[in-house]
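Good morning, and thank you for coming.

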Amino acid sequence: MEKFILRPTENGLWVGSFPALTAMGVAHGFSTRFGGSGGADGQTLDLGWKTGRQESVACDRKRFFAAMEIGDDRVATIRQVHGTRAIQVDASVLGRSGLDPEAYLGEADALYTDEKRAGLLLGFADCVPVLLFDPVHRALGVVHAGWRGTVSLVAQKTLLTMQRTFGSNPALCFAAIGPSIGPCCYEVDQPVIEAVQAAFAQPERLLRKSEKAGHAKLDLWQANSDQLIAVGVQEKHIFTSQICTAHHHQVFHSHRASAGTAGRMGLLAWLK
Ligand SMILES: [Zn+2]
């Protein structure tokens, strides 16, 4: 089985997914830049209210929901703030899907649920999308982890919240790390290096040598894997797409590669 695939949708988008998760009943997709109605070039799919053309963001969100075959009344989203708060989604809050700039649940960086067909939506451009799945209780979490979220252990904290809420056993859970900036491209400065050294037991696994003095290349994929392994997730249960958004910025939005002018891609996931 391929680890991560990109496929065209009937309405002209390209959506990425992990076939192993799909096979376990987790419907999910990572949008790309393809298939949009607006954006600077009139083609880029941009789901971000802060980044997209105001007249096209709602349209692009609808296109993504249509590509994924879910109605906006079954989707919930949040305003992401590089923190560690996770919000539980149940049927009563579905429909706050970001079709207008104020239609979100609250300020947070993760969503989790055990409700069937409750779509969890987050936005990204280089930050790491982490998907968490408990196949025993059948519960799902989605996490937004930039460097701040990563050193604050937002993925680990969300999994522990699922453990408290649903009794999820990390040893039986699965995780997937989607397209995001890779260690090949993610150069960080001293304050970030120090934050990584303070947060992780083995920072040498995460920081690589950089050509630039006082800098290092940070492996956010490994950092998110390591914090899940530290609470009992099995390494073989963690899937990483290994796709760097900065390298492949023609396909994916990349904050770094576009000097801050990137749009936003979506991760949308639900339990079948
Ligand atoms: Zn790269």
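Let me begin with terms: two strands are said to pair if DSSP finds at least two bridges between them. Helices (H or I, at least four residues) and strands (E, at least two) are DSSP runs, numbered from the N terminus. What you see is a predicted model, in which local features need pLDDT of at least 70 and side-chain atom pairs count only at pLDDT 80 or more, while totals for chains, interfaces and linings use all residues. Residues are numbered from 1 along each chain as its sequence is written.

Strand 1 and strand 2 run antiparallel and are joined by 4 bridges, with proline 8 having tryptophan 14 in strand 2 as its bridge partner. The hairpin of these two strands has 5 residues between them, and there glycine 12 takes a positive phi near 90 degrees. Strand 2 also pairs with strand 3 in the antiparallel sense, over 2 bridges; here valine 15 has serine 31 in strand 3 as its bridge partner. Further along, 5 bridges join strand 7 (residues 119–124) to strand 15 (residues 265–271), again antiparallel, and glycine 123 is bridged to glycine 266 in strand 15.

The next sheet is an open one of 3 strands in the order 11-13-12, with antiparallel pairing. Strand 11 (187–188) and strand 12 (207–209) are at its edges with a single partner strand each, so one side of each has no neighbour in the sheet. Strand 11 pairs with strand 13 (residues 216–218) in the antiparallel sense over 2 bridges, and glutamate 187 has lysine 217 in strand 13 as its bridge partner. On this sheet packs helix 5 (residues 190–199), touching strand 11, strand 12 and strand 13, with its direction at about 55 degrees to that of strand 13.

Two residues deserve a remark on backbone geometry. Most residues other than glycine have a negative phi. Aspartate 126, however, has a positive phi near 95 degrees, and lies in the loop between strand 7 and strand 8 (128–134). Glutamine 242 also has a positive phi, of about 60 degrees, in the loop between strand 14 (238–240) and strand 15. Are these residues buried or exposed? A residue is buried if 20 or more other C-beta atoms lie within 10 Å of its own, exposed if 12 or fewer, and partly exposed in between, with C-beta atoms placed from the backbone. Aspartate 126 is buried, because 26 other C-beta atoms lie within 10 Å, whereas glutamine 242 is exposed, with 11 C-beta neighbours inside 10 Å.

The largest nonpolar core has 79 residues, and Leu111, Leu120, Leu132 and Ala175 have the most contacts inside it. Such a core is a set of buried Ala, Val, Leu, Ile, Met, Phe, Trp, Tyr and Cys residues joined through C-beta atoms within 7 Å. Leaving aside residues up to four places away in sequence, the contacts of leucine 120 include Ala76, Val89, Leu111 and Trp270.

Finally, helix packing. Helix 4 (residues 154–166) and helix 6 pack at an angle of about 35 degrees, their axes 8 Å apart. Ala155, Gln156 and Leu159 in helix 4 meet Asn224, Gln227 and Leu228 in helix 6. Leucine 228 belongs to helix 6 (residues 220–229) and is buried, with 25 other C-beta atoms within 10 Å.

Note on methods:
Two residues are in contact if their C-beta atoms, placed from the backbone, lie within 7 Å. Axes are lines fitted to C-alpha atoms, for helices over the stretch in contact, and angles run from 0 to 180 degrees between N-to-C directions.
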